[in-house]
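Here's a walk through one protein model, sheet by sheet, with a stop at a pocket and a couple of loop residues. Keep the 3D view open as you read.

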Amino acid sequence: MDVNVSSKLKHNRAVGEALPHDSAHLHVTGRATYTDDLPEPRGLLHLAVGMSQKPHANIRAMDLTEVLATPGVVDICVAADIAGDNNYGPIVADDPVFADELVQYVGQPVFAVAATSADSARKAARKGAIDYEELEAILDPLTAVAKGSFVLPSETLVRGDPDKALENSPYRVQRQVSLGGQDQFYLEGHIAMAIPQEDGGLLIYSSTQHPDEVQSMAAHATGRAAKDIVVICRRMGGAFGGKESQAALIAIIASIMADKTSRPCKLRLDRDDDMIMTGKRHDFVIDYDAGFDDTGRILGIDFEFAARCGMSADLSGPVNDRAMFHCDNAYYLSNVRIVSHRCKTNTVSNTAFRGFGGPQGMFAIEYVIEDIARTLGKDPLEIRRRNFYGKDARNVTPYRQTVDDNIIDEIFDKLVVDSDYENRRTEIRKFNAASKVLRRGISMTPVKFGISFTNTFLNQAGALINVYKDGTVQLNHGGTEMGQGLYVKVAQVVADEFQIGIDRIRIMAADTSRVPNASATAASSGSDMNGKAAQKAAATIRARLTEFAARHFSVSEAEVNFHGGRVSAADHSLSFVELVQMAWADRVSLSATGYYKTPKINYDRSTFSGRPFFYFAYGAAVTEVVVDRLTGENRILRADILHDCGDSLNPAVDLGQIEGGYVQGVGWLTTEELWWNEAGELGTHSPSTYKIPTCSDLAPDFRVELMQSGNPENTIYRSKAVGEPPLMLCLSAFHAIRDAIAENDRSLPDLHAPATPEAILRAISGAADE
C-alpha cells in the first residue's frame, strides 16, 4: 500500500501529528475494556429477547409457562411491565419496546427473559408460545408505494421547471435501479448493563453513539427523570450509525428488567439476533428521467426514491432528507424534481448508517452520469467535468445553499494525473478487445458531502476539563469513541492549548453526569464540535493561569507564553506543573466547561431550503477492476484516492478512516446482500451468509493521499470531517464493474447493487438479450 501524507508534521504541536489511536496499545493486547468486559456486579442477571416469528400479525394469546420453567430463569418482562412509555422511537413515538397486541416484523421484541446465565436466558427465550392471527405483510418498498404504506409523508423538492426541460432535451435516459441495504456488522454487538442505584437511581453502561438519548428514552420508559439515570460509554467496538438510535432499545429492556427484579441486568445480543432485530442502511428503488444535450450537460432531471424504512419511522425522516440533499453530489442541477417516499414495510426499522442517506443519493446521480456518457459514447470523466458545480456561477444547490468552498476541479485535476487515468483507460480498452472471459473496467467518481446535522439544534457540544495539582488533565466531552479516533483528536487539541504532552491527559468515558445534553456522535461532526468545545474549556483555564502568572510576576498578560510544557512570563520561566501548583495555592479554579454551537447554519425544512451544512468535504477515487464474465466473480486491482481533510488533526487517523470507509462502501455495493424470504424472514443474518469484505478483498495496489488544503470555515484548526465522506468513494468500484461488463462504450448494462456475481451475470445476460 502506497501512502502519501502531503504535509509536514508541526514542531511543538500535537495537532497535525500522526499519533496512534489512544487505545491502540489496548486493542492489540486485548486489554481495551468494552461493556461486556466490565466486572459483573453480584447477582447479575443475563437477558435474552423473545422475538416475533411473523412479519405482521395480531397476538391472540401468549403462553410463557415453559419460558419460566426453564432452569436458571428468574423472571420475564412483557409490555405490561413497562412503568412508563412503551416506546423507543427517537422522533416519532411509533417504536414499541415490546409488541403488545400487534407484531410488525419478524424479530420484533415481544418479551424478555432474565436468567442466571446467558445460555439459560437464550434457550428459554425460544420457548415462548405465541398464537398469531396473521395479517397481510408488505415486504418491499414498491409494494408499499403501490398500497400507499408510508411511515412518514412523501416529500418533494423542486427547482426550475424539470418537466419543460425534459420535454425540450435533445436526449433523455430513463431507468429504474435497485440499491441494496447494508448491515453495520460492528464487531461488538448491541449490549447494555443496567445497575440499580440507591434511592431509585439507575446506572446504565451502554454501547451507544448517543448516551443522552439512551438516558432520555430509559427515563421515559422506566418512569424516571433524567437526573436519576447515568449512562456511560467508554468505547464501542464499532457502530457505523447502528448504535445511534437503536441502542436505546437494548438499554431500556435491561433497565425494565433491573427495575422488576431489583438486580443488575445485562442484555447482549448474539450476532444472529442482532442482525434480525436491529435496523440497517435503507435500501432504495430509484427511478430517474434525465434530459441532456450533446455535450452531456444535464438540462433537467426527475428523481423518485422509494426507501424501505421498515415498520417505524426511526431516523428515516432525516436519512431520506439527506438522500435528497446529496443526489446532486458534485453536479449543478438547474431543473430538478426529487420525490422521496418513506415506505412502511413489515421488516425491521432501518436506521442510521455511515453516510446517513447521502450514499444512496450519490449513487443515483452517478448512475445518471454514467448513462449519459454511454448514451453519447463519451468518457464519463468528460461528463462529470461538464456538470460540476462552478466557482462563481452554477454554484447553488437545489436546497439553495451556495457552494462557496468548491475544490472538486482541483482534486480531479490532480488525481487524473497521479492515477494515470487516461492511459490506463486506453490500455484497458485494448485488453478487453483481446479477452473474451476476463474484462477490466475503470471509473473515476467524485464526492461532495455536507457536514452538519440537518436538524440545526443538534449542532452543539459540551466539554469539561479538570486540571489537577500535579499538572495532569482529565478530558471529558459528549462525543463517543467507536474506533474512529475522536478521542485522540480532541486530546491533541487540548494538549496544544496547554502546550503539554498528550501523555499528561487522561481521556474519560462519555458520561451523562459529566457532560449533559450531548448530541449523538454522528453526521461526521464529532471532531468539529467536541474539539471546539474542549478547546474553549481549555482556553478558559489557560486564561485564568495567564492572568495569575501576569499578576504574580508583575508583567502584562501578553508577556505570558505557554510552550513545550513550560510557561514564560517576561524573564521568568517555570514548568506548567509549577504554574498549576502556584495557581491552585492562590485559589485559582482549574476546572472549566466549554460549549460550542456550529455557526452560520440555518434550514427551513418546510421549504427544503437554507444552509443545512457548515461546509462540504470533497474527494475522488479511481478504481480498476477485473471481472470473470463466465462466473461474475470480480476483484479490485487498483484504487487511487485523493481525499480532502482540510488541515488534518491527525493524518494517521484520517488515513485509516479513508481506507476503511472506501472498503466498507465497496462491501455495500459488491458483496453485502440482505435477503428476505416470502415469510418476511431475514436469511442473511450471520457471517456464513452475509459477506463483508476481508483483507483478501483489498486492492493489491492501494494508493491514498490526503489533500490538506485547509478549510475556509473556522473549524477546529481548519480541519475537515472525515468519518462519512470517504465511504462514497466506493461508487468508483461499482461503476468500474459496470464498465468492465459493458460490451462497448455505448452499451448500458442493467446492473443493480450490490454487484454480486449473480447480479453481474444477470446484467451480462440482459445485455446479451438486447
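How many bridges join strand E2 (residues 45-51) to strand E6 (residues 109-115)? Six, and the two strands run antiparallel. Before going further, keep in mind that this is a predicted model.

**The eight-stranded sheet**

E2 and E6 belong to an open sheet of eight strands, ordered E4-E6-E2-E13-E10-E11-E12-E21, with mixed pairing. At its edges sit strand E4 (73-77) and strand E21 (510-511), each of which pairs on one side only.

Towards E6, His 46 stands opposite Ala 115. Towards E13, the bridge partner of His 46 is Lys 266. E2 and E13 pair in the parallel sense, over three bridges. Lys 266 in E13 is also the bridge partner of Met 193.

Helix H3 (residues 118-125) lies across E2, E4, E6 and strand E13 (265-268), and it runs at about 20° to E2. Helix H6 (residues 211-222) packs on the sheet as well, where it touches strand E11 (202-206), strand E12 (229-233) and E21. The direction of H6 makes about 145° with that of E12.

E20 makes the largest contribution to the lining of the second largest pocket, with three residues.

Strand E23 (residues 566-569) is joined to E24 by four bridges, and among the facing residues, Ser 568 has Ser 573 in E24 as its bridge partner.

**Around E29**

Is strand E29 (residues 634-644) mostly covered or mostly open? It is mostly covered, as eight of its eleven residues are buried. Strand E28 (residues 615-628) runs antiparallel to E29, with nine bridges between them. One example is Val 625, whose bridge partner in E29 is Ile 636. E28 and E29 form a hairpin with five residues between them, and Gly 632 in the turn has a positive phi of about 80°.

E29 also pairs with strand E30 (residues 701-707), this time parallel, over seven bridges. Here Ile 641 has Val 704 in E30 as its bridge partner. The chain gets from E29 to E30 through helix H17 (residues 651-670), and this β-α-β crossover is right-handed.

To put some of these pairings side by side:

| Strand pair | Sense | Bridges |
|---|---|---|
| E2 and E6 | antiparallel | six |
| E2 and E13 | parallel | three |
| E23 and E24 | antiparallel | four |
| E28 and E29 | antiparallel | nine |
| E29 and E30 | parallel | seven |

**Two loop residues**

Arg 281 is found in the loop between helix H8 (271-277) and strand E14 (284-292). Why does Arg 281 count as buried? Because its relative accessibility is 2%, and buried means under 20%. Leaving out residues up to four places away in sequence, Arg 281 touches several others, including Gln 182, Asn 350, Phe 353, Trp 668 and Leu 727. Gly 181 is another of these contacts. The C-alpha atoms of Arg 281 and Gly 181 are separated by 4.8 Å, although the two are 100 residues apart along the chain.

Thr 70 lies in the loop between helix H2 (65-69) and E4. Thr 70 counts as buried because its relative accessibility is 7%. Again leaving out residues up to four places away in sequence, Thr 70 touches Ser 120, Ala 124 and Lys 127. Glu 497 is 427 residues from Thr 70 along the chain, with 59 Å between their C-alpha atoms.

Notes
Residues numbered from 1 in each chain as written. Predicted model: local features only at pLDDT ≥ 70, side-chain atom pairs only at ≥ 80, totals over all residues. Heavy atoms only, no water. Buried < 20%, exposed > 50% of the residue type's maximum accessible area, 1.4 Å probe, protein only. Pairing = 2+ DSSP bridges. Right-handed = clockwise from strand over helix to strand, strands pointing away. Contact = heavy atoms within 4.5 Å. Axes fitted to C-alpha atoms, helices over the stretch in contact; angles between N-to-C directions.
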